[in-house]
Amino acid sequence: MKLLVVMYGINGGGAEKSLVSFLTTLEMKYGNDIDVDLLLFRPEGLFLNQIPKNCNRLTKPKEVFMMSYSPSEKMFWSNISLKGIAGKIAHYIRRIKKSDGQLSDIQAMWNHWKPYIPSVKKHYDVAISYMHGVTNYFVIDKCDADKKYLYIHHDYEKMNENVQYDYSYFKKADAIITVSSRCVQSVVNVHPKLKGKVVCIENIHSEALIKKMAMSGIAHEFDNKENYIKIVSIGRITNVKRFDRAVEAAKILKDSGIKFIWLLLGCGDLENKIKELIKKLGLEREFVLVGVKANPYPYINNADIFVQTSDNEGKSMVIDEAKILKKPIVVTNYKTVRDVIKNGENGIVADFTPESVAEKIMMIINDKSLKDKIISNLECEIIGNENEIEKYISLWRK
């Protein structure tokens, strides 16, 4: 089987981590039976070296790199083409004119670039976009494949896309893949005509691999913190993750006399704002940003509590990873949370306030029987799901 996988980037997100697990599991179970080509629009980032060696990384069409990089970046100039230059110049003019006002920024970008990007020349049995957005549109418009699959990793109703534009692409796909039953329903709520075309395949994570990686590194920031409550959060520092809520919850913990250190692994557009909030609230010693880590598992493994304060998630990979490492979890009550957490059984669900987050953390700290119950239930839960790869194979062979 000849398979093309298209992804925008490979830097530090849940979908990117899922892609690495997908490709690794595919290689492990099917080896040479599947010939994999991988096209990354931005071939750089945290997980680049974790891509299996059997994946052939495509370097064309060059214009996708010119679309994805700015002229200030080396990758733009190393993939120079006349079409790409024309596309970039026209793109800047188009942005000044603010055309395509009814489309999201990503849709408008693709709508502009589509005439400037040639099709992939090779024919494939299957082409799959592993990320919502521009790669979905690229697979439909620019790939020659017998079957085409698109991806939505989040709650579609929260994505603020032009749904008519998306539908014009979704209807051409053989299936739309999402990561949870709630995400399936979210797509169907907006696009009821696609009901038979939307399928759930969970993000793949290997329990054995995660446990092995958890033992292969050190969380130095926890050194000499034996008498502290150790808390970890992981994610892009963006609006939807609401790490401001985490910092404000930390202030409540400090004011309550809790001795703790809270590590945040990640980076993003709001990093400086979070640092300013930490300083404003006097939490420089308690709430520490440690950046992005290629191997975050030693941090989770050495934590007492894992906390996620998001407004919205698809099916959070990092929650499953914390569950694999048997960590009590405090998580906000976003729509898809019930797909992964049963309140009071394998984690605690908080309201969307710093006060509620802090309260639930203190419940775990102060109630040993509750903490022991959660850990015991997690030890009985089977979370690794490498067999999800069979769902892809079944889909492709229909």
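How many of the 7 residues of strand β4 are buried? In this predicted model, strand β4, which spans residues 123–129, is mostly covered, and 5 of its 7 residues are buried.

**Strand β4 and its partners**

- Strand β1, made of residues 2–7, runs parallel to β4 and is joined to it by 4 bridges; within this pairing, L3 has V126 of β4 as its bridge partner.
- Strand β5, made of residues 144–152, also pairs with β4 in the parallel sense, here over 5 bridges, and A127 stands opposite K148 of β5.
- As a general point, the strands of a sheet pair through backbone hydrogen bonds, and they do so either parallel or antiparallel.

**V139, a buried residue of helix α6**

- V139 lies in helix α6 and has a relative accessible area of 0%, so V139 counts as buried.
- When its neighbours within four places in sequence are left aside, V139 is in contact with V6, A127, I128, S129, K148 and L150.
- V139 and K60 are 79 residues apart along the chain, and their C-alpha atoms are separated by 14 Å.

**Helices α5 and α6**

- The axes of helix α5 (residues 105–113) and helix α6 (residues 134–142) come within 9 Å of each other and cross at roughly 30 degrees, which means that α5 is roughly parallel to α6.
- The crossing of these two helices, α5 and α6, is right-handed.
- On the α5 side the contact is made by I106, Q107, M109 and W110, while α6 contributes V134, Y137, F138, D141 and K142; sorted by class, the residues of this contact are 6 nonpolar, 1 polar and 2 charged.
- D105 is found in helix α5 and counts as exposed because its relative accessibility is 71%.
- Although D105 and G133 are 28 residues apart in sequence, the distance between them in space is 9.9 Å, taken from C-alpha to C-alpha.

**The six-stranded sheet**

- An open sheet is formed by 6 strands, whose order is β10-β9-β8-β11-β12-β13 and whose pairing is parallel.
- At the edges of this sheet stand β10 (287–291) and β13 (348–350), each of which pairs on one side only.
- Neighbouring strands of the sheet are turned against each other by 25 degrees on average, with direction ignored.
- Inside this order, strand β8 (residues 229–234) and strand β9 (residues 260–265) run parallel and are joined by 6 bridges, and I234 stands opposite L265 of β9.

**Helices α10 and α14**

- The axes of helix α10 (residues 243–255) and helix α14 (residues 354–366) come within 8 Å and cross at roughly 55 degrees, and these two helices, α10 and α14, are therefore oblique to each other.
- The crossing of α10 and α14 is right-handed.
- From α10 the contact draws on R245, E248, A249, I252 and L253, and from α14 on P354, E355, V357, A358, I361 and M362.
- By class, this contact of α10 with α14 holds 8 nonpolar and 3 charged residues, with no polar ones.

Note on methods:
Residues numbered from 1 in each chain as written. Predicted model: local features only at pLDDT ≥ 70, side-chain atom pairs only at ≥ 80, totals over all residues. Heavy atoms only, no water. Axes fitted to C-alpha atoms, helices over the stretch in contact; angles between N-to-C directions. Parallel < 35°, antiparallel > 145°, perpendicular 65-115°, else oblique. Left-handed = near helix turned anticlockwise from the far one by under 90°. Contact = heavy atoms within 4.5 Å. Nonpolar A, V, L, I, M, F, W, Y, C, P; charged D, E, K, R; others polar. Buried < 20%, exposed > 50% of the residue type's maximum accessible area, 1.4 Å probe, protein only. Pairing = 2+ DSSP bridges.
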